[in-house]
Amino acid sequence: MAQTRGTAPFLSDNTDYRDVYVLVETALKELPPIWRKYYNIETSDRKTEITQSWVEMGDVPEKAEGANYATDLIRPGFQKSVSHTEFGLGFEMTETSGEDDKRNVLKRNGKFLAYSARYVEEKRAALPLVNGFSTETTNDGVAAFSASHVLAGPSAGTFRNILNPGQDLSWNSLTQAMIDLQNETKTDQGKFVTPITDWNIVVPPALEFTAARILTSTLLPGVADNDKNVLKDRRKFNIIVNPHLSDADAWYLLASDKGRHGLTSYTRIPITMAPAMTDARTGNVIYKIRFRRSWFWNDPQNAFASAGA
């Protein structure tokens, strides 16, 4: 459908829609990018990307003098396949509406198209967190945040990256998460590894000030004693507030080093606006914007969450 004078009453010469224009250009400001702060972002040159994990060798056994050496193998672990999603939107306006666009509202369609594309990126990027307790799965086929993640090594067992039972965000629950991470972070052979000490804590607006109170207090927050806030001393946290997180009680921990966790996005085609085209029959001018991208979980290590109490 083309933008005409009839569908854009602000083009009328005797009507001033100044208030609407101020709203979208001056009074309200676009959110800065949020999801890019904590996602692994990689470039793809194919329709579908396949990732493969590998299982390291097991423990070195004791060996008697002169005995044969035992041997081991590097084994394939879990595989995940992801296909990119295509997005696109067009804007078409008539010659007449362009001529009467006295405030250049229509001529700035590129700005509005780009804003729409970036907003969709933010919404879609939030889904692997929002649905991480249910439908969003990691490469082991289990929900991203689960008490039963599978280790790919022979007889390596399982691990969890979720508070069980769930707890609301507090000093105690965040401390327990740090303890659980140290106990549960393992290789696919079940070996303990160095725990992450630098974290992004991603929260909805409802938990912003709770997180800030916990992590910026010099002493234990909310209590009368003078014990130090050891969370602040022993770990580093960066608070990221994301209004696209729909659960006001859920909170998420991701390693600040984005290469250490599995939350990933592939850029197949970045947000791209094609040159304007003119319809030879009508004179209408057509603008298009499109991009191809995927957001997904690879491995579940170095990510942790609680859905709240």
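Residues 10-24 keep a pLDDT under 50, and the model gives them 27 contacts beyond four places in sequence; pLDDT is the predictor's confidence in each residue, from 0 to 100, and a contact means heavy atoms within 4.5 Å. Overall, the protein averages a pLDDT of 89, with 90% of the residues at 70 or above.

Some ground rules. This is a predicted model, where local features need pLDDT of at least 70 and side-chain atom pairs count only at pLDDT 80 or more, while totals for chains, interfaces and linings use all residues. Numbering runs from 1 along each chain as its sequence is written, and side-chain values use heavy atoms, leaving out hydrogens and water.

On to the charges. Side chains of opposite charge can pair when their charged atoms come close. Here a salt bridge is a side-chain nitrogen of Lys or Arg within 4 Å of a carboxyl oxygen of Asp or Glu, and the count comes to twelve. Three of them:

| Pair | N to O distance |
|---|---|
| Arg46 and Glu49 | 3.6 Å |
| Glu56 and Lys191 | 3.6 Å |
| Asp59 and Lys191 | 3.8 Å |

Asp59 sits in the loop between β3 and β4 and Lys191 in the loop between α4 and β8, 132 residues apart; helices (H or I, at least four residues) and strands (E, at least two) are DSSP runs, numbered from the N terminus.

How buried or exposed are these residues? Glu49 is buried at 10% relative accessible area, Lys191 is partly exposed at 26%, and Asp59 is exposed at 65%. The cut-offs are under 20% for buried, over 50% for exposed and partly exposed in between (1.4 Å probe, protein chains only).

Elsewhere, Arg36, Glu121 and Arg293 are linked in a salt-bridge network.
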